[in-house]
Amino acid sequence: MSDKTTVSLGTALDIMHAAGLKERLQSALAKKPHIVLISDKVERADTAGLQLIYAFKQEVEKQNKQLSWQKPTNGLIEASKSLGLYEHLGL
Amino acid sequence: MEIDLSQFHEVFFEESFEGLDVMEQELLDLEEDTDLENVNTIFRAAHSIKGGSATFNFNQVAEFTHVLETLLDEMRDGSRQITREIIDLLLKSVDCLRGMLHKLQDGEEVSNDYQELVAYFNELLTGSPDNKNNESSSGAVAEGQTAATLGSNSWKLSFEPESYILQTGNEPLRMFKELTGLGGLRPMVDVSKVPSFEDLDPENCYLSWQLELDTEESEHAIREVFEWVEDDCKLSLQKLGAENAGVSQSSNEVEPASSTVEQAAKVESAPQAISPEAAVDKATDKKLVAIPKAKTPPPKKSNTTASIRVGIDKVDTLIDLVGELVITQSMLGELGDNFDMTKVEQLISGLRELEANTRELQESVMRIRMLPIGFVFNRLPRMVRDLSAQLSKKIDLIIKGEDTELDKTVMEQIGDPLTHLVRNALDHGVESVEKRLAAGKSETGTVTLEAYHQGGNIIIEIKDDGAGIDPDIIKAKAVEKGLISEGVDVPREQIIGMIMEPGFSTAAVVSDVSGRGVGMDVVKRNINNLGGTVDISSELGKGTTFTIRLPLTLAILDGQLVRAADQIYVIPLASIVESIPLSGIQLTRIAGDMPVYKNDGEYIPIVDLCEEFEIETERQTVNEGLIAIVEGENRKIAVKIDELLGQQQVVIKSLESHYKSLQGLSGATILGDGRVSLILDIVGLSRRSSERANKLRNEVA
């Protein structure tokens, strides 16, 4: 059995979806030691969404677990760069 | 996905107009008592309009409200004294904004009239009259600071948004992208305040930024990016490396290289303290006189659907009632499935319950259309304020019962007559200060506006403590006009009531102030059209009271059912004067073979419903049946019918929406037995019959 679990970030990593995503991330964290963020469909990302991922990454590291990105889109990368969060997010 | 913002326009307009009403109200309160909370409320209203208009790209409105806000901000932090002149200016701005929004709502271009006000604001804000060309959207300060800041420079920005900023739709990402448009941007994010994942509220912002920007643009251009969040963040700008001397001529000397928003606010008011404020205000005020008053355009018929705001409690009541209805229905359904004669009692009680539920439901639905009359009353204090200044009278307006509810349609139509009556009370009712003092009254007159429910009606009283109406003058005038003959004894109330007759100029009679356009007859007609009445009582030297009585709703009518041949019609109960059996009266015929009934010296035309609506009848003699004398718009007609049936409340269904509009009929209703009954429109019917009589006469000739 794989030790990975995946969480799809959907098309919009934004404030509208942040609360729902937080719950999904929380349950993913409880399941497996390695969480993969599927981010190939993200068309839009905003401060709330990226801030949430940052806090999640901190939590993952605190629990000695692992977080990785799967195919982050240009839009996602651009947004994280514009906010100065690119490195913080490990993109 | 593109969102079509135009779908939200109506809501924006509605909210903005509400906001403007609030602003107006608070400004008037402010005049009486300086309270910081008033200023805060005004500021919030202006801020919402600014935010909304910017979202919808109504840039002129946004630009104007922004300048307005700057002044309000100064009032809020106490650096600007609140004077009557400033309140005047702000009230004029409210008018101006209302005009702009009306134009936008109607899809018209906004004229540049507002620029004049913007210029005054800027003048007031900077305290220097030569800043006239300054029509910048962000006010005078930024302009002043940026005058010498052109050329390529590096800026260091510190941007610390409030935690709620994301919830207001302000997205730092978008601002940073705009900054990138100005030049090279290097963002450095501070994540130290981000809480643990568990404690994080995903909709709050815990981040703050240090930004380095290389741009040729001015400080003003940079600040403009943060224009919409300047109250929701801590922002500071610092020029790096370059000569600081020119940065801010008006900037703080202690920190020549830095000018935070907070400092800016102080700087802004500094020249004000030096120059005599009164002088500036005076100059501004003089100019204001020339500003054309932004008239609120008459509401145009637009293709937008009118909406109504309903309190959640009313909706909850409806839901409860529908719940009850469903229970009763299922109970009856079950009864029907296994019915036997032993359950008749149960059936009857079930049906009774159903009837009660339906009635309650109907009442509750009607209540949804009910709005507090305060919506109409609230526009009056402003008018009283302006008009009493104009008339040099001292007048207090007392409003009572503003929570009294009435139908939205009635309310929309009562606004103008009511305004007119209050104007009338100010103009003709309350005397000048000198006259009041001479009459031994206090110098301040009082106009009281009171609304309350009485039976199925709403009563609105407009009461003044002025000079009252002199019946002798009215009588003399009436004799002169030929309305009554000299020497005839007419009751006092009837004489006073004559000021509402057409062609009776109250201005010439009651006072010497005239030129108000519409007369009292129009007021009376409008109220009558709503199915209401207006009574006047007046005591010489003590005051006058106008009492308006209106039906609570136009959707339900108190009707008298009448039969003509085999048809049943509804006559509005309020319009019936009397009914007389035909056998007991003398009919006369005048030119055109029109039958008339002579009553107390007046001839009342008789309209035979069967003839009018071409109903076949087997009526044998002319003396069968009876006539109902009805009145509409001061004209009486006698409607010939066969029988008076019961009286009942009927729900009016519009004919236009189901068939077409017909003269003489105001609508239709469905009777208890399922038959459709037409509701007579008395005014239309009398016109229709006189047109028909004319036609007949011409044919005979």
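# A tour of chains A and B

Select chain A: of its 91 residues, 40% count as buried. Keep in mind that this is a predicted model.

**Stop 1: chain A.** Colour chain A by secondary structure. It holds 3 helices and 5 strands. Now walk along chain A from the N terminus. The elements come in the order β-β-α-β-β-α-β-α.

**Stop 2: where the two chains touch.** Show chain B next to chain A. How many residues does each chain bring to the contact? Chain A gives 20 residues, and chain B gives 20 residues. Stay on the chain B side. Select α7 (172–182) and then β2 (183–190) of chain B; each supplies at least two residues of the side that touches chain A. The largest share on that side is 4 residues, and it comes from α7(B). Colour this side of chain B by residue class. You will find 16 nonpolar, 1 polar and 3 charged residues.

**Stop 3: α1 and α2 of chain B.** Select residues 9–32 of chain B for helix α1, then residues 36–55 for helix α2. Their axes lie 9 Å apart, and the packing angle is about 155°. Why call this pair roughly antiparallel? Angles over 145 degrees count as roughly antiparallel, so α1(B) is roughly antiparallel to α2(B). The crossing of α1(B) and α2(B) is left-handed.

Now show side chains. On α1(B), the contact includes F12(B), E15(B), S16(B), G19(B) and V22(B). Further along α1(B), M23(B), E26(B), L27(B), D29(B) and L30(B) also take part. On α2(B), pick out the contact residues, among them N38(B), V39(B), I42(B), A45(B), I49(B) and G52(B). By class, the contact of α1(B) with α2(B) has 10 nonpolar, 6 polar and 3 charged residues.

**Stop 4: α15 and α20 of chain B.**

Which residues meet here? From α15(B), select Q413(B), D416(B), P417(B), H420(B) and L421(B). From α20(B), select V523(B), N526(B) and I527(B), which they meet. Colour the contact of α15(B) with α20(B) by class to finish: 4 residues are nonpolar, 3 polar and 1 charged.

Note on methods:
Residues are numbered from 1 along each chain as its sequence is written. Chains are lettered from A and ligands numbered from 1 in the order in which they are written. This is a predicted model: local features need pLDDT of at least 70, side-chain atom pairs count only at pLDDT 80 or more; totals for chains, interfaces and linings use all residues. A residue is buried if 20 or more other C-beta atoms lie within 10 Å of its own, exposed if 12 or fewer, and partly exposed in between; C-beta atoms are placed from the backbone. Two residues are in contact if their C-beta atoms, placed from the backbone, lie within 7 Å. Ala, Val, Leu, Ile, Met, Phe, Trp, Tyr, Cys and Pro count as nonpolar, Asp, Glu, Lys and Arg as charged, and the others, Gly among them, as polar. Axes are lines fitted to C-alpha atoms, for helices over the stretch in contact, and angles run from 0 to 180 degrees between N-to-C directions. Angles under 35 degrees count as roughly parallel, over 145 as roughly antiparallel, 65 to 115 as roughly perpendicular and the rest as oblique. A crossing is left-handed if the near helix is turned anticlockwise from the far one by less than a right angle, and right-handed if clockwise.
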